[in-house]
Amino acid sequence: MNVNFFFEVLIGGLLSGVMYALVAIGFVLIYKASGVFNFAQGAMVFFAALTCVGFVDKFGVSLWVAIPLTIVVMILLGMAIERVVLRPLVNQPEITLFMATIGLAFFIEGLAQLIWGSQVHKLELPIEDVPSEYLMNKFNILVSQFDIMAAAVCGLLVTALALLFSKTKVGRALRAVADDHQAALAVGIPLQRIWAVLWAVAGLVALVAGLLWGARNGVQFALTFVALKALPVLILGGFTSMPGAIVGGLIIGASEKMAEVYIGPLVGGGIEGWFPYVLALLFLLVRPEGLFGEKIIRRI
């Protein structure tokens, strides 16, 4: 076995896994604090990327102007979702909230294409998708420079979120809401305001994910399916854990690439698309709550 090729596949998979984890974190943020599985996260990724390239293509602004404008749009979108959709459904059954986010997903997808059109857009970030010269010259390993920079951006964002949750007053309020809604309300924490902040942050995370995946695959409707790749990540890491989303993303990213390269030829190829779901299903049988999820003890 070619050792250098093995590490190329492994590192490429790990770097892809970091971007999967970024999408999964958008789910975790909402689910941890409100108990809502936000099925619309993929649509928000698509909306964010399409809005950014829409500003560039239709209004002729530079990418560096379009990104701050899109940040504002995504924060407003997240806050509007909380105000219009989530707030009226407080204390409703979880299935009601889940169905609401499914409807919201289709609405956001349609709204994005209504405003900006449905054609495929090319998104060019100032990061070239070429092999890293340093790794190629030093270790004779071909790893995309774009993947490395994308992973670095994801790492910075995750670090910023971790600091927000652990070092700020808002972060302490977020943790209190996540632990117990009623207790948080009893001590005067404004629950609805905290949820609005969370949805705004989820919109910002969706923008970063949309830019990175849009630059890789083009800004198109298929971006909405990136969220589906986050589901195995959540199952492995746990639906309420940010560290779990990161570890789950790394496992899924690495395993799907390794499976496609080393197992795919034995079964005719094409297993990269479904292997993560098989892995997640097997994991469910062993540890349903995920690696970092809270174990639920059921009494019979």
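Helix axes are taken here as lines fitted to C-alpha atoms over the stretch in contact, with angles running from 0 to 180 degrees between N-to-C directions. Helices themselves are DSSP runs (H or I, at least four residues), numbered from the N terminus. The structure is a predicted model, in which local features need pLDDT of at least 70 and side-chain atom pairs count only at pLDDT 80 or more, while totals for chains, interfaces and linings use all residues. Residues are numbered from 1 along each chain as its sequence is written, and side-chain values use heavy atoms, with hydrogens and water left out.

Two packed helices are described by the angle between their axes and the distance between the axes. For α1 (residues 3-34) and α9 (residues 191-217), the axes come within 10 Å and cross at roughly 165°. That angle makes α1 roughly antiparallel to α9 (the term applies over 145 degrees). The contact (heavy atoms within 4.5 Å) draws on residues of α1 including Ser-16, Met-19, Tyr-20 and Leu-22, and on residues of α9 including Trp-195, Leu-198, Trp-199 and Trp-213. By class, this contact holds 17 nonpolar, three polar and no charged residues, where Ala, Val, Leu, Ile, Met, Phe, Trp, Tyr, Cys and Pro count as nonpolar, Asp, Glu, Lys and Arg as charged, and the others, Gly among them, as polar.

Helix α10 (residues 226-237) meets α1 at another angle: the axes come within 8 Å and cross at roughly 80°. The two helices are therefore roughly perpendicular (65 to 115 degrees). Here α1 contributes Tyr-20, Val-23, Ala-24, Phe-27 and Val-28, and α10 contributes Val-226, Ala-227, Lys-229, Ala-230, Val-233 and Leu-234. These residues divide into 10 nonpolar, no polar and one charged.

Turning to α9 itself, 20 of its 27 residues are buried, meaning under 20% relative accessible area with a 1.4 Å probe and protein chains only. Gly-218 follows α9 with a positive phi near 90°.

Helix α4 (residues 94-116) can be checked in like manner: its 23 residues should span 33 Å, and the end C-alpha atoms are 33 Å apart, which agrees. Among its buried residues are Leu-97, Thr-101, Glu-109 and Trp-116, and what covers the buried residues includes α2 (41-59) and α3 (63-86). Just after α4, Gly-117 takes a positive phi of about 95°.

Terms used
Angles under 35 degrees count as roughly parallel, over 145 as roughly antiparallel, 65 to 115 as roughly perpendicular and the rest as oblique. Buried means under 20% relative accessible area, exposed over 50%, partly exposed in between (1.4 Å probe, protein chains only). The expected span of a helix is 1.5 Å times one less than its number of residues.
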